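Good morning, and thank you for making time for this presentation. I would ask you to keep the sequence and the coordinates in view while I speak.

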Amino acid sequence: MSYTNAFADEAQPICPACGVTMHPLLDEGIRADECRECGFRMEWPAADAARDGDDEERDTRWD
């Protein structure tokens, strides 16, 4: 059985500055992708925290 590589070049963003494939900075503990050619960095969007009352607001018609 083979698994797809989550970090394959096809799955990574392309640098808007020079067009080279960007790579995640997971080893450095930084939530961003970096271009190894020109050094351009793109931060990952932050996850929104859950709000108080989210469970009460959900639509329960299908439960």
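**Contacts, sheet and cysteines**

Among contacts in the protein between residues at least 6 apart in sequence, 5% join residues at least 24 apart, a contact being heavy atoms within 4.5 Å. Please note that this is a predicted model, in which local features need pLDDT of at least 70 and side-chain atom pairs count only at pLDDT 80 or more, while totals for chains, interfaces and linings use all residues. Residues are numbered from 1 along each chain as its sequence is written, and side-chain values use heavy atoms, with hydrogens and water left out.

Let me begin with the overall architecture. The protein has 1 helix and 3 strands, and along the sequence these follow the pattern β-β-β-α. Helices (H or I, at least four residues) and strands (E, at least two) are DSSP runs, numbered from the N terminus. Of the 63 residues, 14% count as buried. On this scale, buried is under 20% relative accessible area, exposed is over 50%, and partly exposed lies in between, with a 1.4 Å probe and protein chains only.

I turn now to the sheet. It is an open sheet of 3 strands in the order β1-β2-β3, with antiparallel pairing. Its edge strands are β1, residues 22–24, and β3, each of which pairs on one side only. From one strand to the next, the twist averages 25 degrees; the axes behind such angles are lines fitted to C-alpha atoms, for helices over the stretch in contact, and the angles run from 0 to 180 degrees between N-to-C directions.

Which residue of β3 stands opposite E34? It is R41. E34 also forms a salt bridge with R41, the closest N and O atoms being 3.1 Å apart. A salt bridge here is a side-chain nitrogen of Lys or Arg within 4 Å of a carboxyl oxygen of Asp or Glu, and the count by this rule comes to 1. R41 is partly exposed, because its relative accessibility is 46%.

The next topic is the cysteines. How many disulfides does a search of the whole structure find? The search returns 0, a disulfide being a pair of cysteine sulfur atoms within 2.5 Å.

C35 counts as buried because its relative accessibility is 1%. C38, at 43%, counts as partly exposed. C15 is found in the segment before β1 and is buried, with a relative accessible area of 3%. Leaving aside residues up to four places away in sequence, C15 touches V20, M22, C35, C38 and F40. C15 and E34 are 19 residues apart in sequence, and their C-alpha atoms are 8.1 Å apart in space.

Finally, I come to the loop between β3, residues 41–43, and α1, residues 54–57, where W44 is found. Is W44 buried, exposed or partly exposed? Its relative accessibility is 27%, so W44 counts as partly exposed. Not counting residues up to four places away in sequence, W44 touches P24, L26, R31, A32 and D33. With D33, the side chain of W44 makes a side-chain to side-chain polar contact at 3.3 Å. A polar contact is a pair of N or O atoms within 3.5 Å; within protein, one must be able to donate a hydrogen and the other to accept it, and residues adjacent in sequence count only if both atoms are side-chain atoms. The C-alpha atoms of W44 and D33 are separated by 7.5 Å, at 11 residues apart along the chain.

P45 lies in this loop between β3 and α1 as well, and at 69% relative accessibility P45 counts as exposed.

Notes
Two strands pair if DSSP finds at least two bridges between them.
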